[in-house]
Amino acid sequence: MDCIFCKIIDGEIPSTKVYEDDMMLAFRDINPQAPEHIVIVPKCHIQSANEITSENVKYVAAIWEQIPKIAESLGFGKDGYRVVNNCGENGGQTVPHLHFHVLGGKKYIDL
Ligand code: AMP
Ligand code: ZN
């Protein structure tokens with residue numbers, strides 16, 4: 001499948017990995033929008049949040065369980081961080097493989 005994030009998961013495209021297990025891969029965003037900008041992707045091709053089902057939601061649950069641990073391990077957990085999911089065209093999603101942005105190291109004021 002011609003999916004950038006599937007290729008990153010398979011190691012065909014390099015990434016700066018910060019965490020990996022059997023459910024997810026977390027790596028540094030190539031175009032960071034904050035001092036710390038991590039992308040977390042499920043190891044299963046789910047196109048967007050619109051494609052989350054009772055069958056695959058376990059990947060989403062595992063990711064959310066891991067987010068605070070990844071933030072803590074990278075040193076920005078205690079100061080807080082923002083988690084973003086862009087869904088579809090109006091959401092500004094550019095890579096059609098579900099992912100969560102974790103943005104740390106700066107203070108957000110507005111939504
Ligand atoms: P989105 O716009 O929500 O679909 O986010 C896609 C994100 O993937 C963007 O922030 C890109 O900078 C990031 N991205 C695209 N290609 C790569 C790559 N090869 N390595 C790391 N991050 C990437
Ligand atoms: Zn994919």
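**Ligand 1 and its surroundings**

Let me begin with one contact: an oxygen atom of ligand 1 is 2.9 Å from an N or O atom in the side chain of H99, and I will call such a pair a polar contact, meaning N or O atoms within 3.5 Å, where, within protein, one must be able to donate a hydrogen and the other to accept it, and residues adjacent in sequence count only if both atoms are side-chain atoms. Taken alone, ligand 1 exposes 510 Å², of which the protein buries 83%, with accessible areas from the Shrake-Rupley method and a 1.4 Å probe, and with only the protein chains shown counting as cover for residues.

A word on the source: this is a predicted model, in which local features need pLDDT of at least 70 and side-chain atom pairs count only at pLDDT 80 or more, while totals for chains, interfaces and linings use all residues. Residues are numbered from 1 along each chain as its sequence is written, chains are lettered from A and ligands numbered from 1 in the order in which they are written, and side-chain values use heavy atoms, with hydrogens and water left out.

Turning to the shell, 14 residues surround ligand 1, and the closest are D29, N86, T94, H99 and H101; a residue is near a molecule if one of its heavy atoms lies within 4 Å of it. By class, this shell has five nonpolar, seven polar and two charged residues, where Asp, Glu, Lys and Arg count as charged, Ala, Val, Leu, Ile, Met, Phe, Trp, Tyr, Cys and Pro as nonpolar, and the others, Gly among them, as polar.

The backbone takes part as well: an N or O atom of the I30 backbone lies 3.1 Å from a nitrogen atom of ligand 1, and a backbone N or O atom of G92 lies 3.2 Å from an oxygen atom of ligand 1.

Where does H99 sit? Its place is in the loop between α3 (88-91) and β5 (100-104), helices (H or I, at least four residues) and strands (E, at least two) being DSSP runs numbered from the N terminus. H99 counts as buried because its relative accessible area is 5%, and buried means under 20%, exposed over 50%, and partly exposed in between. The H99 side chain also reaches the backbone oxygen of H97, at 2.6 Å.

Q93 is found in the loop between α3 and β5, and at 15% relative accessibility Q93 is buried. Which backbone atoms lie close to polar atoms of the Q93 side chain? They are the backbone oxygen of Q47, at 3.0 Å, and the backbone nitrogen of G88, at 2.8 Å.

Finally, I63 lies in helix α2 (residues 57-74) and is buried, with a relative accessible area of 0%.

Methods
Buried means under 20% relative accessible area, exposed over 50%, partly exposed in between (1.4 Å probe, protein chains only).
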